[in-house]
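Please open the structure in your viewer and keep the selection panel at hand. This is a guided tour, one selection at a time.

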Amino acid sequence: MLTAVIALSALALFSSFLLGIVARAFAVPVNPKVEEVEGALPGANCGGCGLPGCSELARRIAEGKADIDACPVGGESVALKIAQIMGTSFEGGAGRKIALILCNGDDQVTAKRFHYNGVRDCTSAAMLFGGDKACQYGCLGLGTCVGICPFQAMRMLPNGLPFVDPAKCTACGKCVIACPKKIIKLVSMDKRVHILCSSHDKGARVRKICRVGCIACTKCVKEAPEGAITMQDGLAVMNYDFDIPDAVAASCPMNTIHVKALESSVDETEQVTAVAGGAG
Amino acid sequence: MAGGKFFGGVHPKYHKELASSRPIEPMPLPGKLIVYFAQNLGAAPKPVVKKGDVVKKGQVIAEPQGFVSVPLHAPTSGSVQAIDMFPHPVGADMPAAVIVPDGKDEWAPGLDAERSADGFDAEKIKGIIREAGLVGMGGATFPTHVKLSPPKEKPIDLLIVNGAECEPYLTSDHRLMVEKPAEILEGASFLAKALGVEQVIVAIENNKPDAIETIRAEAGGRGGYTVRALNVVYPQGAERQLIFALTGRRVPAGGLPMDVGVLVQNVGTALAAYEAVRFNRPLVERVVSVTGRGITRPANVLAKIGTTFGDAIAFCGGERGESGKVISGGPMMGVAQYSLEASITKGTSGIVILAREEIAQFVSDPCIRCGRCVRACPMLLNPSALSIFVERLHFDDADSYHVADCIECGCCAYVCPSRRPMVHHFRRAKAEMRSKAAKAS
């Protein structure tokens, strides 16, 4: 018994000694800032910055190859921390962004062309006649964006459109890439006026198939500051560099333009169920 | 000669009796034709007509772009009313010319003239076939002249004329073989001449005894033709399966039949080659089975390219009872249509109308790994694993399991007890691989 204890202790002592020597002899020089920066990053490895993971971004930031606010998820607070580590200053960027779906054509207001019975996925559905929605540009409502969101910030509403939770959305941009119709855009949270349509169809066709689509009447273009809204191939497109007065929304005859405070948007259906649940 | 049965396959209900004894009827000119410019695989030809133009039957209305492309001809004489987007039966909206017939059905000068083909050499025949806009009429619509031009290092020693017609319901090839055996064999002889092959096999499934008989009788008087009766199993008419069943040769993965010295052409294509070479008639019409239990009068109609599904259905007495499902092609590989404005293309071998009581909406369940699809897959793939990869967006794994070799025959989906939309998954994976390859290059 005693022999065994002594023998094992001696072996352990010898091994640790050996390990210590090896660790010093073959030490890989690491920039201590890489680890510090990595500690400041969110660590979700979401890929929103376009790199394989947080450690890769940390390495690039420490080497000066990436901007200190390159992490779209961390936003201002993480950028400030990294600025401190790197010994530089951060002036504050454009503010937090959020994913916005540029389509308001839910199941009630937009017509469907056929009964789709295939794979429950927007990209697959879009392969068959462009999807069941009569509008070729609109949200297909099968929730591919919801499935891909690494932060569980999205969910499908019963009306067939996705909802983005402003508390959870980090503007990583995964949904922007995944959406086969390319109708999700990252916009600043402080913007209030939005054109919720992506249809380039002619006005007459839009009127037939959707009650809230842009018919290219150009009323908003005249109402907004010059250059803030432009007509692009039959669709009013907003330039978010401008501040748009709320009155522009009222000028839209199709109710396509909405005044929506993004930072406080709520899932109304959930509130209803919560109340109902509370009563029961 | 080696051969026998290929691995896998399924035995669906064929329902061929609905239209197999109905003679081919020429369909009168409809009020308008919707002619898609994209009628062939490869590059779509470029339109050379505009709104308001007056065209003659057989006049070129779109010029080919590059080698893998064929011209498109006006199916009848009339005027171009509009050029707009219409729902193409393969599952997308595509540009098409709307042609309003003038009722005279008048050929453009120089066309529709009988001539002897004795002096024509291989190059001349290939040229005629290209000018006539011939594509594979079994459904794939691959330009015929490209198939007839294999590279020198891949000599062809066998031409297979495919009359298997293994899709349930469809009977257009069957009727052609019964009614026009001499024309089909003469057309096949032109294809053989263009390739320089001596040996021609006409392959027909056992469920068409009258077609086997008429083709045998016709082939008896000509040298070099063999008529082979095949087992009835789906997909017997798929190129690779057909070649293996007849010769025992295996087309390598990612390869083409020319890699094993074989070329396969559909009987409809052989007939179109006959019309083009002997009568200088471009491909402007084809035989289409309008069949199924949802149609009043199942029939095989000779329809102009561009005839809308709605007009073809009306010609066959309209839908019977409550409307069910309209499929372009057969029920195994065809595409369900949402608009009867979709029109007949060079590759439309049938329009199948299912009755309301025949169709059901399924909810697909998770894979239970029973392995039925693995046993059914004629390409020896593992559809179960593939579908799970695609569901989880693991496209690279699907690629390493050879999803690209899937022929989309639908056997796996047909046998799946969980009703999984297998082919839809695989098409998605293939699309992802294509866009990845496009990005890489």
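The tour starts with chain A as a whole and then moves through chain B, element by element. Keep in mind throughout that this is a predicted model.

**Stop 1: chain A, overall**

Switch to a surface. The accessible area of chain A is about 15300 Å², and carbon and sulfur atoms supply 57% of that. Of the 280 residues in chain A, 43% are buried. Look at contacts next, taking those with a separation of 6 or more: 58% of them in chain A link residues 24 or more positions apart.

Colour by charge. Chain A carries 28 positive and 26 negative side chains. The centres of these two sets lie 7 Å apart.

**Stop 2**

Zoom in on β2(B) and β8 (residues 92-101) of chain B. Four bridges join this antiparallel pair. Pick Leu33(B): its bridge partner in β8(B) is Ile99(B).

**Stop 2: a three-stranded sheet in chain B**

Select β3, β5 and β6 of chain B. This is another open sheet, with antiparallel pairing in the order β3-β5-β6. β3 (46-47) and β6 (72-73) of chain B are its edge strands, each pairing on one side only.

Strand β5 (residues 60-63) of chain B runs antiparallel to β6(B), with two bridges between them. Show Ala62(B) and its bridge partner in β6(B), Leu72(B).

**Stop 3: a covered strand**

Go to β12 (residues 262-266) of chain B. How many of its five residues are buried? Five of the five are.

Ile160(B) is opposite Val264(B) of β12(B).

**Stop 4: a buried phenylalanine**

Select Phe309(B), in helix α8 (residues 309-315) of chain B. Its relative accessibility is 0%, so Phe309(B) is buried. Beyond neighbours within four places in sequence, the contacts of Phe309(B) include Pro89(B), Leu340(B), Ile344(B) and Ile351(B). Val326(B) is also in contact with Phe309(B). The C-alpha atoms of Phe309(B) and Val326(B) are 8.8 Å apart, for a sequence separation of 17 residues.

**Stop 5: a covered helix**

Move to helix α10 (residues 383-391) of chain B. Eight of its nine residues are buried. Among them are Leu386(B), Ile388(B), Phe389(B) and Val390(B). What covers the buried residues of α10(B)? The cover includes α9, α11, α12 and α13 (422-440) of chain B. Just past the end of α10(B), click Leu393(B): its phi is positive, about 60 degrees.

**Stop 7**

Most residues other than glycine have a negative phi, and most peptide bonds are trans. Here are some exceptions to inspect.

- Arg369(B) has a positive phi, near 55 degrees. Find it in the loop between β17 (350-354) and α9 (372-376) of chain B. Is Arg369(B) buried or exposed? With 55% relative accessibility, Arg369(B) is exposed.
- His402(B) has a positive phi near 65 degrees. It sits in the loop between α11 (395-400) and α12 (411-415) of chain B. His402(B) is partly exposed, at 46% relative accessible area.
- Tyr234(B) and Pro235(B) are joined by a cis peptide bond, with omega about 0 degrees. Pro235(B) belongs to the loop between β11 (225-230) and α6 (239-247) of chain B.

Conventions: Residues are numbered from 1 along each chain as its sequence is written. Chains are lettered from A and ligands numbered from 1 in the order in which they are written. This is a predicted model: local features need pLDDT of at least 70, side-chain atom pairs count only at pLDDT 80 or more; totals for chains, interfaces and linings use all residues. Side-chain values use heavy atoms; hydrogens and water are left out. Buried means under 20% relative accessible area, exposed over 50%, partly exposed in between (1.4 Å probe, protein chains only). Contact means heavy atoms within 4.5 Å. Accessible areas come from the Shrake-Rupley method with a 1.4 Å probe; for residues, only the protein chains shown count as cover. Lys and Arg count as positive and Asp and Glu as negative; His and the chain ends are not counted. The place of a charge is taken as NZ of Lys, CZ of Arg, CG of Asp or CD of Glu. Two strands pair if DSSP finds at least two bridges between them.
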